[in-house]
Amino acid sequence: MALVSGPGRAGGTSSDQELHILKHVTYIKNLDTRKEELEYWLTEHLRLNGVYWGLTALHLLGHPDALPREETIDFVLSCQKENGGFGAAPGHDAHMLYTVSAVQILVTIDAVDELEKRGRGGKQRVGSFIASMQNNEDGSFMGDQWGETDTRFLYGALNALSLLGLLDMVDLPKAVSYVQSCENFDGAYGVTPGAESHSGQVFTCVGALAIAGRLDLVNRDRLGAWLSERQIDKGGFNGRPEKLPDACYAWWVGSSLAMIDRLHWIDGKKLASFVLQCQDPEAGGFADRPGNMVDVYHTHFGIAGLSLLGVEGLQEVDPIYCMPKAVIARCFAR
Amino acid sequence: MAEGYANDTEWANVTPIELDDGSESGAMPLATIAYPPEYLEATSYLRAVMAANEMSERALKLTKDVISMNPAHYTVWIYRARILFALDKDLVEELNWLNGVSLKYLKNYQIWHHRQVLVSSRTHFPTMPTKEPDFLMEMFAQDSKNYHVWTYRHWLVRHFKLWDSPREIEDVETLIKADVRNNSAWNHRYMLRFGPRDDEPDAGMVNAGKSQSKPEEKGRLPVVDEDLVDEDLKYAQKQILRAPENRSPWWYARGALHAAGRSLGEWEEFVAKFVEGDEVKSSHAVEWLADVYAEAEKTKAVEMLTMLKDKYDPIRKNYWDYRIRMLGQVA
């Protein structure tokens, strides 16, 4: 899935409140035909994430079969390394973020079995790679053997392991206590202990606690107040105080509010209107802000945000996993 | 410079390893990747030296070449750090080179982890590299809210125990003076003044990481320097006067009072000046008064929250309604 931005720009207006579903489907399907462009190889380090974004968006748009299933599985498996983890693209080292995307993609297209059939060492080895990234001292997770720490990696680990039914491979209480140490006085969370509160990191921390069954540890009123304060006059959300609004925060902020049962604290109509203005009604795709170039990342999170708000024509999204609710239900019914 | 490596005698004894994109399995990959020839060639040599775990000057040069074409290539940074340590290279020189790369690629975060890996070597850096603060200020001149840079700076404070270093608070004040709405700088100040120190694991506030601590114990200091708190509260008031609707200093003051175990009521007189008659200068002041009144004067508290709901923050109407309902339950 290419991550090339454009060529379209977000040209939605406040009077056009229609979600152009078919345009977005076409936009995502065509992404892979743009290999001649320079930006295509510059974004190679995100390729597997890109497949997850495009695929999930297509599912939420109600077109789950728009990507060829077999080729998707082949591509995912071609990114797997000997240690069980996945790289961003073939030939890249294994990293937590791509391993999580790989698991999410396989779960979405109901192909986890392929890990046993054609993968390296089955799902157990994927779980081992993820578990090996946990720091036994403080419970945090690294992205790769290099040691970078980020609550995104911790969330990703719990997300993928729970989807694979392997959550017992890690020290869950320690992971929970690490998330708690990232809580700031304003009730929100940062990337590491002491780092400024950031909506994206709030999603990962609250999501991790939700998967661990420890939402009781969240200061819901204080966090809900901070999150709802992210909505600015035009209706969009920013990621931190005094920053510009961005369509993707409809997801990060919205899902966090949903997980703590506070989504009704914001003006959903105004938020939906802002996100819809970030779409390109002609060629499809979403941008961060009206007038900017569209890309698959903002397309996915814009659509996921609209799904949270119950916009008509979209499948329901699960606020914890950022995957279709029906997929999550099927996965956990096993 | 395609075939630059193939024609270079320094690289004659290396057989480049071509990219395995999974296509030999017979499956057409969903996302075949098209590369410009220079990048393709350099990375094929990179794969070869990495496979041989070569720790050499030429490999170091090659990593620089790949980074210059694509600094987001995460694998190459790991390899570069390992070579630097293996060859015992001058890390200050490496930092100087990194400064330029960081200023060129402001959004890249691999660079910052690389920097942290180098600076965390106690052998090379028993104390903070002297030019770090100057360079960080240069970064902040480009983007004073750069999340990666602030996270790195927080790590520096903890690693080198800089909580009371005059330079830290000085830089924070310079940045707040330039932009009073810089929430990142306010967060850094809070961590310097009220964050956990080296006798405790790091956390966003003291006691935050302990599962047994009650909500009110979080952010509450065991030992308080009252003069310092007074000085900080005065500082916050001065910044509030510059921009009353700016959230950061209001929350900073809440944090400072809470850390010291003092009450919001202490500020009632100062805060009331922002809510005189019909002229409300700050919604944060209205909320502050609502919290103060919630203790004993519930009707007045409801009045404040209703003002927020109807006039000053109607976009969060349901939130303010909830706050009003909560007051009723307590009564």
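A residue counts as buried here if 20 or more other C-beta atoms lie within 10 Å of its own. The model is predicted. By that cut-off, the buried residues of H13(B) are B:His284, B:Ala285, B:Val286, B:Glu287, B:Trp288, B:Leu289, B:Ala290, B:Val292 and B:Tyr293. Helix H13 of chain B spans residues 283-293. Nine of its 11 residues are buried, so the helix is largely enclosed by the rest of the structure. Its buried residues pack against both helices and strands of chain B. The helical partners are H11, helix H12 (268-272) and helix H14 (298-312). The strand partners are S1 (275-276) and S2 (279-280).

A helix pair in chain B was examined next. Two packed helices are described by the angle between their axes and the distance between the axes. Helix H1 of chain B covers residues 37-51, and helix H2 of chain B covers residues 57-69. Their axes lie 10 Å apart and meet at an angle of about 140 degrees. H1(B) is therefore oblique to H2(B). The crossing of H1(B) past H2(B) is left-handed. H1(B) contributes B:Glu38, B:Tyr39, B:Ala42, B:Thr43, B:Tyr45, B:Leu46 and B:Val49 to the contact. H2(B) contributes B:Ala59, B:Leu62, B:Asp65, B:Val66 and B:Met69. By class, nine residues of this contact are nonpolar, one is polar and two are charged.

Chain A was described as a whole. It holds 15 helices and two strands. Its radius of gyration is 19 Å, close to the 20 Å given by the globule rule for 334 residues, so chain A is as compact as a globular protein of that length. Along the principal axes, its C-alpha atoms fill a box of roughly 55 × 50 × 40 Å. Of the 334 residues of chain A, 64% are buried. Among contacts in chain A with a separation of 6 or more, 71% join residues 24 or more positions apart.

The two chains touch each other. Chain A gives 54 residues to the contact, and chain B gives 53 residues. H9(B) supplies the largest share, five residues. The side of chain B that touches chain A comprises 26 nonpolar, 20 polar and seven charged residues.

Definitions and conventions:
Residues are numbered from 1 along each chain as its sequence is written. Chains are lettered from A and ligands numbered from 1 in the order in which they are written. This is a predicted model: local features need pLDDT of at least 70, side-chain atom pairs count only at pLDDT 80 or more; totals for chains, interfaces and linings use all residues. Two residues are in contact if their C-beta atoms, placed from the backbone, lie within 7 Å. Helices (H or I, at least four residues) and strands (E, at least two) are DSSP runs, numbered from the N terminus. Ala, Val, Leu, Ile, Met, Phe, Trp, Tyr, Cys and Pro count as nonpolar, Asp, Glu, Lys and Arg as charged, and the others, Gly among them, as polar. The radius of gyration is taken over C-alpha atoms; the globule rule is 2.2 Å times the number of residues to the power 0.38. A residue is buried if 20 or more other C-beta atoms lie within 10 Å of its own, exposed if 12 or fewer, and partly exposed in between; C-beta atoms are placed from the backbone. Axes are lines fitted to C-alpha atoms, for helices over the stretch in contact, and angles run from 0 to 180 degrees between N-to-C directions. Angles under 35 degrees count as roughly parallel, over 145 as roughly antiparallel, 65 to 115 as roughly perpendicular and the rest as oblique. A crossing is left-handed if the near helix is turned anticlockwise from the far one by less than a right angle, and right-handed if clockwise.
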